[in-house]
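User: I would like to learn how to read a model like this one, feature by feature. Please show me the structure, then take my questions in turn.

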Amino acid sequence: MGVSSKLNPGASRFGDARKSCTKCMVMLVVLGALAGCAPIQPWVKPYEREHFADPIMAFGRDPISASYIDHVYEAREGSRGATGGVGGGCGCN
Amino acid sequence: MQLTMSVTRTRAKLALRLGQCAKALAVLGLMGAPAVADVLPDDRADVLYHNYDGGGITIQGPSVLVRKKVGDNISFTGSYYEDLISSASIDVKLSASPYHETRKQEGGSVDFLHGKTIYTVGYIHSREPDYTANTSYFAISQNMFGDLTTVSFGYRRGWDNVFRDIKVNGVIQNDPAFHDRADHRAYTLSVSQILTRNAILDLNFGAITDQGYLANPYRKVRYFDPTIPGKQFTLADQIYPRTHTSSAASVQYKYYLPYRAAVTGQYRFYNDTWGITGNTFEVDYIQPAFDHRIWGGGLVFDGSLRFYTQNHANFYSDLFPRALYQNFEGRDRELAAFNSYSIGFGTAYEFHIPGAPWINKSSITFHINHLLIDYKDFRNALLAGNGTFTAGTEPLYKLNANIFQLFVSVWY
Amino acid sequence: MKNLIAGFVAAVVVALPAVAADQNGPAPEFTLPQKGGGTIDLAKYKGQVVMLNFWASWCGPCRTEMPFLQNIYTKYNKLGFTLVGVNVEPDSKAADDWLKATPVTFPVGYDTQSKVSRLYDVSGMPSTVIVDRKGNLRYIHHGYKPGDENEYMNTIRQLVRE
């Protein structure tokens, strides 16, 4: 199925160390941002989520109906996958 | 032991066969990725009646979903689904005879909440006289970044047993000479991001890989045969590849309108190793009327428009020039080039049941869709014959179907 | 590989959530319009133990918590305790409608501009803050799960004796 790629055997050690240092810096920034403690703060506060608490803004409002209609299309078309919707909600608790 | 077998296949199936693993996928939606990873799904029970009618096929049946939290951290979900199929479709009429059949499916799953993470484990079993499918799946969903972001990852594994029905002395049974398997693996990744007080964006990615018998044992290909008077074609067995890998990526955007309504736009791109590329566009609109925002009472209207287009699979042809023209040959219309249009409308009436204080909210919903599939390279081969069309000149097929849903939901 | 692991560990340590408001500092003062007329002024409650509850009518756990808060208010009010409900909704109509169906007797303030929510850096719904007789923050709790009211009562009992 996939073609495995081999690391460039000629790469210098110094180049490798620099690459992994950059990688760990990127991870730090991303994880820090994700945890909400460094550069970016969550810009929609928990007390500002009234619209997301509204059932009409839910992605999976009636799961029994959404999954049935997805099934109707998937059985008749060649495409499948990537139909889900997660997230949103009031963010309470 | 030699059994007397009728040569004619007793029936040709429609795409339910191809959609087996897709069914499990769709049911995953039923199991429900949780709306927010901090909170388990709502306790609710739904009973749905579904009816599909079009192209000579009627499929109807019940669907039941029940969810219940136990304690603060665990939620159980159970589901049951049936398809009662009555088929005299264009494919059935071409190579077999009309049939009736029932497919039954049960599923169960558990959601476990720990901190800001939800772990889900589930299992689905589907069976019909000539096909059984077992699927197990797990998913992890994590809230982060002030609960603005939800990241989910899921893995699903399916094991199918494929049989073929034949008529022996007037009785339909599995052909002992035919038994094959199909295995499926699916990976999903979702990221949902609250953008503003009114907007949320959802990104989904899914990769699926199948191995084994992936065709429909009743369907046929046809090839041009000038020796056949009138219709000038002969039917032959399909030859499908035994592997299939696909990937799809979609984006959904939901926006809250200030007068209390929501509009959703979706786009999905699909691509696979069979050469099919599909593009899906959908717009949904939902508008409550006379509705008390949180604790129910009133009507909710919704409408949707969907457009889907795909090209044909690289081994698909409506009419091959001769017998055994290429290594793989298929004529399933699900693999043809076509445009699919769907318009839908629904109404939900929300109400309170006076004598039952343990029920928070209940609703009854009615939904209809009209589906039109306009095939670009699948022809109505039934029309070929003496004095009418010859093979390859028949009009292109158009499918019109109506889909009806009626369901009652109770939250407790 | 080692660099990656070190980086990941560092990120996790750095990412451990910091406490939103300083738990042992003075509670920020504020005034809010009160339901039924008048103004709520936190400074006027000095000398009493004050519990602030940030809630919204659209928040399920907030609604579940309300009857327990009402009980706590009734129980401890005479011992020098008061409860102030801070409603965070920009439009108070939904909150008023809900309180009509489920009335409470403790004072409720409307924080329509979210200024008090920002002052207290509210990072979850609901949020409960308890302030001692001297006006210092002593307890912060986010969310509500059945059983949390016992924790509230323990803290109140302890602070009321001071």
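User: Over which residues of chain A does pLDDT stay under 50, and how many contacts beyond four places in sequence does the model have for them?

Analyst: pLDDT is the predictor's confidence in each residue, from 0 to 100. Two residues are in contact if their C-beta atoms, placed from the backbone, lie within 7 Å. In chain A, pLDDT stays under 50 over residues 1-15, and the model has two contacts beyond four places in sequence for that stretch. A note on conventions: this is a predicted model, where local features need pLDDT of at least 70, side-chain atom pairs count only at pLDDT 80 or more, and totals for chains, interfaces and linings use all residues. Residues are numbered from 1 along each chain as its sequence is written, while chains are lettered from A and ligands numbered from 1 in the order in which they are written.

User: What is the average pLDDT of chain A, and which elements have the lowest and highest means?

Analyst: Chain A averages a pLDDT of 72, and 54% of its residues score at least 70. Elements are DSSP runs numbered from the N terminus: helices are H or I with at least four residues, strands are E with at least two. Among the elements of chain A, helix 1 (residues 13-35) has the lowest mean, 54. Helix 3 (residues 63-76) of chain A has the highest, 94.

User: What is the make-up of chain B?

Analyst: Chain B has two helices and 18 strands. Burial is a neighbour count: a residue is buried if 20 or more other C-beta atoms, placed from the backbone, lie within 10 Å of its own, exposed if 12 or fewer, and partly exposed in between. Of the 412 residues of chain B, 43% count as buried. Take contacts in chain B between residues at least 6 apart in sequence: 61% of them join residues at least 24 apart.

User: How many residues of chain B are in contact with chain A?

Analyst: The size of an interface is often given as the accessible area lost when the parts come together. Here the account is by contacts: 75 residues of chain B touch 45 residues of chain A. Strand 12 (residues 243-257) of chain B gives the most to the chain B side, with eight residues. By class, that side has 36 nonpolar, 29 polar and ten charged residues. Nonpolar means Ala, Val, Leu, Ile, Met, Phe, Trp, Tyr, Cys and Pro; charged means Asp, Glu, Lys and Arg; the others, Gly among them, are polar.

User: Is B:Asp147 buried or exposed?

Analyst: B:Asp147 is buried, because 30 other C-beta atoms lie within 10 Å. Its phi is near 65 degrees, a positive value in a residue other than glycine. B:Asp147 lies in the loop between strand 6 and strand 7 of chain B. B:Phe145 lies in the loop between strand 6 (131-144) and strand 7 (149-168) of chain B. B:Phe145 has a positive phi of about 60 degrees although it is not a glycine. B:Phe145 has 18 C-beta neighbours inside 10 Å, so it counts as partly exposed.

User: What is the strand order in the open sheet of chain C?

Analyst: Strands pair if DSSP finds at least two bridges between them. The sheet has five strands in the order 5-4-3-6-7, with mixed pairing. Strand 5 (108-110) and strand 7 (137-142) of chain C are the edges, each pairing on one side only. Strand 3 (residues 49-55) and strand 4 (residues 81-87) of chain C pair in the parallel sense over seven bridges.
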